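Please look over the sequence and the structure before reading on.

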Amino acid sequence: MLDKTKRGWWRSAVFYQIYPKSFQDSNGDGIGDIPGILSRLDHLQKLGVDGVWLSPVYASPQADNGYDISDYRAIWPPMGTMEDMETLIAEAKKRGISIIMDLVLNHTSDQHAWFRQALKSRDDPYHDYYIWRDGGPDQPPNDMRAVFGGPMWTYVPHLGQYYFHQYAVQQPDLNWANPAVRRELYDMIRFWVDKGVEGFRLDVIDSIAKDPDRKITGNGPRLHEFLRELSREAFCEEGLVTVGEAWGADVERAKRYSTPDGSELSMVFQFEHMCLDQRPGGEKWDPIPLPLPALKRCVERWQRGLHGQGWNSLFLDNHDLPRIVSRWGDEGKYRVESAKMLATMLHGLEGTPYIYQGEELGMTNIRLPIGAYQDIETKNLYAERLARGDDPQAVMASIYARSRDNARTPMQWSAEKNAGFSQADPWLPVNPNYKTINAQAALADPGSVFYYYRDLIALRKRYPVFRDGAFTLLEPESEELFVYTRETEGEQLLVVCNFTGRTIPYQRPAAFARAALLLGNYGRGDGALGPYEARMLYQRRWP
Ligand code: GLC
Ligand code: CA
C-alpha cells in the first residue's frame, strides 16, 4: 500500500476510472450502482490500484449520464443512497483505495434548484448564477456552436433572454465571475472532503472562465486566478489529489495547472495525443490511421516539458473515448498482444496512469443500430449530419469508430447472462464478445491482459525510475516502433513497442547490453519483434 500521508503520494499512484452506470448492477434494474461497485472492490484490489476516479453519481436527470447535476449533495437514487456512498468510501479506504469524485463545476443541470430559481425573474439573486444576454427570439447574441451540436444559446421567452451553455441545452453554464457561485461550489467541495473523499477530477475545468462576448470558451483570461482561489479555498487539505480535464492545454499551460508548488492542481488530463488520428482541420468524427512519428514527438514534448516542472496524467481510454485496442491496436487476432503493448508504452512514461474500466480486460468497441445509442453527443451528431445531407452509412462509420458509447457498454464480468453485469436488460447493450472477453476468464488465465496490467502497476511501485526517470526518445522517425528510455542516476529503463501486426527486426542499443527483461508480452528480451510485441528492459547503473 502507498503511504498517502506523504506529500505528492499520487506521483507513485495508479488510478482506475469507474463509469458507475456501466460497472455493476446490484438490484436488477439494468443500471450500475454504488452497491455494485462495493461488491467489486476485490477486483480492484487484485489489480493493485491506489484510487478510483468515480464518474458522477450525483442527483441528475441524466441528460449527459450525470454530467448534468441537479444536486451536488445528493446521490441519484438509482445509484444508491448517501449511506451507500459513505460505505464505499470507507470500504475502499480499508483496501488502500482512495475515492476521487468527479466535479462538474462548469455547468449544472437545468433542473438544478439554482437554475429553476434563475428562470423566475431577472431580479432573482440566482439569476446571476448563470450567463444571460438579452435578445429577440431569433437573434442569439452570436453564432457560437455547442460542443454537442446546436447553438450555445437557448432562448427563454418569458425573460426575453438567452442563457449560455457550452454543452447540451440541459447544461447551463455557471457564471464563475459571480463570487457567490464560487463560494457555493467551495462549500460543496468541503462537504465531500468531510465525507472522506481524497481527491477530485475536475470536468472541463479549462472552460470555467468563459467570456462569451469575446467568444472565449477555453483558457479564459481569469482561469488561473479562479484555479488558485479554488485550490486555496477548497483543496487546502494536504494530500488531496486533483486532476483537471483540459482539452485546451498545451505544455506551457499544463505547467501552470500542475505547478509543483501545488497552488493550482496536482495534474492535468490533456488530449493532444488523442487528437492525432483525425483529419487535420477535421473533427474527432473524421478518423485517419495513427501517424506514429507524430505520436512519439507529442509524447516526447510532454515528457520533457513537464519533467520537474509539472505533472501529467497518462491515459489512452476513458468514458469519452473509443476503446484503445480497437483504435490503435488490433481488436481481432492480436487483441491480447496489442492491448499489452499499448499498456507498456503508456505505463513506462512519467506521470500518473489511469486505467479505464474494462481496459484491463482488453475490451473493444461496439457496433449498434442507431436507435440503441444512448449518448447525447452521438444522437445529436447523427441528426445533424443527416440533416446536412451526409450519407447515413458514412455517419455510422464515424459513430462506430468514435462514439462515446464504445466505452460505456457494461463491464464484462463473466460469460453468464448480460456478462454478469445485471439480471435485467442493461441500459446500454453488452458487447456480444463478452463470452470470451470477461473478467472471470481473464483471472483464470495467467497470460491475460489483466495480469499484465497488474504487473505494470507493481513495477511502478517497485522501481523509482518509473516516477523519476528522464525521458529520451529513440528512433523518432520509425513508422513501426516506439522506443524510449527513462533514466535516473541509479537506474535505466528501455521500452520497446512494435505498433504493427508485422515482425520487425530489432537490436537493443549497446548501452543496454546487460539489461534484463522486466516485462514483455512475448516473454523475451531479444531478437526481432513479433506482431505488437513490447519489452521493458532494466538495469542498475554502477558508478
Ligand atoms: C467532460 C466529460 C464528458 C461530459 C462533458 C460535459 O468532457 O468527460 O463526459 O459530457 O465534460 O460535462
Ligand atoms: Ca441498479
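How many Å lie between an oxygen atom of ligand 1 and an N or O atom in the side chain of aspartate 64? In this predicted model, the answer is 2.5 Å.

**Polar contacts of ligand 1**

- Aspartate 64 contributes an N or O atom of its side chain, placed 2.5 Å from an oxygen atom of ligand 1.
- Aspartate 203 has a polar side-chain atom at 2.8 Å from an oxygen atom of ligand 1.
- Arginine 404 also places a polar side-chain atom 3.0 Å from an oxygen atom of the ligand.
- The protein buries 97% of the 310 Å² that ligand 1 exposes when taken alone.

**The shell and the pocket**

- Ligand 1 is surrounded by 14 residues, of which Asp64, Asp203, Glu245, His319 and Asp320 are the closest.
- By residue class, this shell consists of seven charged, four nonpolar and three polar residues.
- The largest pocket is the space that ligand 1 takes.

**Domains of the chain**

- The domain assignment gives domain 1 in two segments, 9-107 and 179-360.
- Domain 2 covers residues 113-164, and domain 3 covers residues 467-540.
- The centres of domain 1 and domain 3, taken over C-alpha atoms, are 29 Å apart.
- In the contact between these two domains, domain 1 supplies 29 residues and domain 3 supplies 30 residues.

Methods:
Residues numbered from 1 in each chain as written. Chains lettered and ligands numbered in written order. Predicted model: local features only at pLDDT ≥ 70, side-chain atom pairs only at ≥ 80, totals over all residues. Heavy atoms only, no water. Near = heavy atom within 4 Å. Polar contact = N/O pair within 3.5 Å; in protein donor to acceptor, adjacent residues only side chain to side chain. Areas by Shrake-Rupley, 256 points an atom, 1.4 Å probe, with all protein chains shown as cover. 1 Å grid on protein atoms, 1.4 Å probe; cavity = no way out; pocket = protein on both sides within 12 Å on 5 of 7 lines; lining within 4 Å. Sits in = over half its atoms within 2 Å of the grid points. Nonpolar A, V, L, I, M, F, W, Y, C, P; charged D, E, K, R; others polar. Domains from an automatic or database assignment. Contact = heavy atoms within 4.5 Å.
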